[in-house]
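Q: I am new to this structure. Can you show me how to read it, feature by feature?

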Amino acid sequence: MKQLCERYSRAVANIKKLWSGRQPPPGIDAPPSIPLLRHIINQAYSRAITSPEDLNSYEPFSPEVYGETSFELVCEVIKLTKMTENDVFLDLGSGVGQIVLQVAAKVGCKCYGLEKADIPAKFARSMEEEFVKWMDWYGKSYGEFELIKGDFLDPSFDEILQSATVIFTNNFAFGPKLNHELKLKFANLKDGTKIVSSHEFCPINFRVTSRNMSDIGSIMHVAELSSLKGSVSWTGKQVSYYLHTIDRGKLEKFYLRQKHPDEYKSESSSHSSSSSSDDDSCSDSSSDSGDDHFKSALQRIKLSHSRPGSKKEHLNSDLKSRSGKTPKTAAGHKEDERWRKKRWPQLKSRGHKDSNSSAFSSSAVSSPGIMDVDGLFCKSLPEKLKTAM
């Protein structure tokens, strides 16, 4: 079988020489299709990772927790970041390197992978050999890539980090200390660099102020990639990913606002005036509806007070007599006395004072509320409704 494969490889090499200087036939030296690339990655993984259980030999809840990202999720990341062959891709914590290999084959750009753990880094070398062999077998092209064993916080890798235009990291289990160290590294990235992570490095609604302008959020925009499809190996639930874009213009605008506040205030006022004009019709309609509610409430109260023979009628007549609008009759005074004896205990328990031996004294009438049928104060009644009564 080995001899047959060698003979096939020599035959393919001779065919490629015949096509040198000419346009190759379709499918030769071209990027692989998505199904073929998935097959090649799976083939290389099954041959290179001889003992997958060794990948789980790590300290629990440590930054070196091993996890793998699905093929579908990496395809979504490539699509959303709009990577081209002119980009430089960097995977921080690349594991066995399957993400780096997938990006190198799909996009054709230069790719780097940094892995600190010994066991995944050892398997990554085998993955590289198998990937190159199978890509050559199918006659497919891929970009330049390099899988490196080392700590990405090491200053010797700063040059690679600063040259990257797209960075991917599964930092969900890194912890606050390691994520803070990464923030310090990201502060030196060039404008336009995109960072895709499983945990945000600053809040999505971060607002630059004089107190936090030294934070990494002052030079980056953050958006949640809610449309990502795919899965990860460390959980069965869907994991949220975040896209960070380096933009120092955000901090520059803050300095300009501090230096020229009047100019930005005039701009903001013009925007607010345009938005308020759009809301005038809504406010008019809401005021109309409020007047309708007021009129209906006033009508109901007037009807309830005009019922003949009711206690509310006596209350209404008493209120009018206190204001000098209607003369008080003897029958009205007797009714007041009976009403006072019946309702005064309730009023007294609520803290009202007996003025001139009448529950409906001038102090009660001039209080912030008016008396209802149960002898209680309605303090929540609108002022214009009280004056209308």
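Q: Is helix H3 enclosed or open, and how many of its 11 residues are buried?
A: The model is predicted, so everything here is read from computed coordinates. Count a residue as buried when its relative accessible area is under 20%. In H3, eight of the 11 residues are buried, so the helix is largely enclosed by the rest of the structure.

Q: Which residues of H3 are the buried ones?
A: They are Phe71, Leu73, Val74, Cys75, Glu76, Val77, Ile78 and Thr81.

Q: What covers the buried residues of H3?
A: The cover includes helices H2 and H4. Strands E4, E5 (194–197) and E7 are also part of it.

Q: What comes just after H3?
A: Lysine 82 does, with a positive phi of about 55°. That positive value falls in a residue other than glycine. Lysine 82 sits in the loop that runs from H3 to strand E1 (88–92).

Q: Is lysine 82 buried or exposed?
A: Exposed is the label for anything over 50% relative accessible area. Lysine 82 has 64%, so it is exposed.

Q: How should I read a nonpolar core?
A: Start with the general idea. In soluble globular proteins, nonpolar side chains tend to be buried together. Here the largest nonpolar core has 41 residues. Phe89, Val103, Cys111 and Phe131 touch the most other members. A second, separate core has 30 residues, among them Leu90, Tyr112, Ile195 and Met220.

Q: What is phenylalanine 131 in contact with?
A: Set aside its neighbours within four places in sequence. Phenylalanine 131 is then in contact with Ile40, Ile41, Ala44, Leu101, Ala105, Tyr142 and Phe145.

Q: How do I describe two packed helices?
A: Give the angle between the axes and the distance between the axes. H2 and H5 pack at about 135°, with axes 8 Å apart.

Q: Which residues of H2 and H5 meet?
A: From H2 come Ile40, Ile41, Gln43, Ala44, Tyr45, Arg47 and Ala48. From H5 come Phe123, Ser126, Met127, Glu130, Phe131, Trp134 and Met135. By type, the residues of this contact are 10 nonpolar, two polar and two charged.

Q: Where is lysine 133, and how far is it from alanine 44?
A: Lysine 133 belongs to helix H5. In sequence, lysine 133 and alanine 44 are 89 residues apart. In space, they are 8.8 Å apart, C-alpha to C-alpha. Lysine 133 has a relative accessible area of 43%, so it is partly exposed.

Q: Is asparagine 171 buried or exposed?
A: Its relative accessible area is 0%, so asparagine 171 is buried. Its place is the loop between E4 and helix H7 (176–186). Not counting residues up to four places away in sequence, asparagine 171 touches Asn179, Ser197, Ser198, His199 and Phe201.

Q: How many helices and strands does the protein chain have?
A: It has 14 helices and seven strands. Of its 389 residues, 37% are buried. Among contacts with a separation of 6 or more, 68% join residues 24 or more positions apart.

Notes:
Residues are numbered from 1 along each chain as its sequence is written. This is a predicted model: local features need pLDDT of at least 70, side-chain atom pairs count only at pLDDT 80 or more; totals for chains, interfaces and linings use all residues. Side-chain values use heavy atoms; hydrogens and water are left out. A nonpolar core is a set of buried Ala, Val, Leu, Ile, Met, Phe, Trp, Tyr and Cys residues joined through side-chain atoms within 4.5 Å. Buried means under 20% relative accessible area, exposed over 50%, partly exposed in between (1.4 Å probe, protein chains only). Contact means heavy atoms within 4.5 Å. Axes are lines fitted to C-alpha atoms, for helices over the stretch in contact, and angles run from 0 to 180 degrees between N-to-C directions. Helices (H or I, at least four residues) and strands (E, at least two) are DSSP runs, numbered from the N terminus. Ala, Val, Leu, Ile, Met, Phe, Trp, Tyr, Cys and Pro count as nonpolar, Asp, Glu, Lys and Arg as charged, and the others, Gly among them, as polar.
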